[in-house]
Amino acid sequence: MPYPTKNKGFNEGNFMRKIYFATGNLNKVKELNIILSDINNISIEQINLPYPEIQGTLEEVSVFGAKYVHKKINEPVIVEDSGFFVETLKGFPGTYSRYVQETIGNKGILKLLEGKGGNHRGAYFKSVIGYCDENGVKLFKGVVNGRVSHDIRSKGHGFAYDSIFIPEGEEKTFAEMDIKEKSKISHRKRALDNFKEFLKTI
Ligand code: IMP
């Protein structure tokens with residue numbers, strides 16, 4: 001990973017703006033590249049610079065992470081914290097999504113919902129993007145509502161909870177959609193659309 005070099009000012013002539021995306025999750029990087037592929041004059045570069053994941057809401061984690069990485073590299077940076085929330089489980093796994101995926105996994109979530117019908121399987125993904133530059137941090141959020149499927153269903157796409165989540169108005173799980181299809185409606189797409197609007201203003 002080349003060490004970041006200093007950019008020219010954001011609005012100077014035709015210079016590319018560079019924004020670092022601090023994450024070790026390559027699935028997120030792929031999705032972000034697709035969702036932001038239509039913007040000009042901005043290049044997003046992944047930087048694998050881990051930041052402490054404080055215990056807190058997605059918003060708190062994103063604010064902390066974005067400030068932390070910005071302080072280290074002194075360049076515009078985004079981080080993303082996301083989670084999967086099952087309504088009948090009072091939002092579980094929510095901010096514990098990563099840990100729960102690595103422990104009980106999708107099978108464990110389906111087990112917790114055993115015997116629950118369609119009306120009790122509501123769930124949503126939420127993404128919170130934290131952007132930090134010399135002016136401080138801004139947050140951009142996106143949510144996609146849907147429901148938990150009865151089985152694990154995948155065509156080999158996606159990651160983590162994608163194979164048990166059916167977005168509203170769809171029959172397929174995210175893992176049965178290719179990355180472009182998922183990226184038209186995902187929580188990440190919705191958060192990044194808000195971020196794109198902000199980019200037009202700076
Ligand atoms: P984090 O933002 O990397 O802390 O992500 C939290 C966890 O939420 C991830 O490890 C995944 O388990 C889950 N997650 C976040 N976004 C997605 C998604 O788009 N699909 C499936 N699982 C996701």
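I started at the ligand: a polar side-chain atom of Arg98 lies 3.2 Å from one of its oxygen atoms. I count a polar contact as a pair of N or O atoms within 3.5 Å; within protein, one must be able to donate a hydrogen and the other to accept it, and residues adjacent in sequence count only if both atoms are side-chain atoms. The protein buries 93% of the 480 Å² that the ligand exposes when taken alone. Areas are Shrake-Rupley values with a 1.4 Å probe; for residues, only the protein chains shown count as cover.

Ground rules before going on. This is a predicted model, where local features need pLDDT of at least 70, side-chain atom pairs count only at pLDDT 80 or more, and totals for chains, interfaces and linings use all residues. Residues are numbered from 1 along each chain as its sequence is written, and side-chain values use heavy atoms, with hydrogens and water left out.

**Around the ligand**

I looked up two further contacts. Lys28 places a polar side-chain atom 2.6 Å from a ligand oxygen. Asp162 has a side-chain N or O atom 2.7 Å from a ligand nitrogen. I then listed the shell, meaning residues with a heavy atom within 4 Å. It holds 16 residues, and Lys28, Ser82, Asp162, Lys182 and Arg188 come nearest. At least two shell residues come from each of E3, helix H3 (97-102) and helix H6 (187-199). Helices (H or I, at least four residues) and strands (E, at least two) are DSSP runs, numbered from the N terminus.

**Strand E5**

I followed Ser82 into the sheet. Its bridge partner in E5 is Ser127. Strand E3 (residues 77-86) runs antiparallel to E5 over 10 bridges; pairing takes at least two DSSP bridges. E5 also pairs with strand E6 (residues 136-148), again antiparallel, over 12 bridges. One of these links Gly122 to Arg147 in E6.

I checked burial next (buried is under 20% relative accessible area, exposed over 50%, partly exposed in between, with a 1.4 Å probe and protein chains only). In E5 (residues 122-133), 11 of the 12 residues are buried, so the strand is largely enclosed by the rest of the structure.

**Ser186**

Last, I went to the loop between helix H5 (179-185) and H6, where Ser186 sits. Ser186 is buried, at 0% relative accessible area. A polar atom of its side chain lies 3.1 Å from the backbone nitrogen of Lys189.
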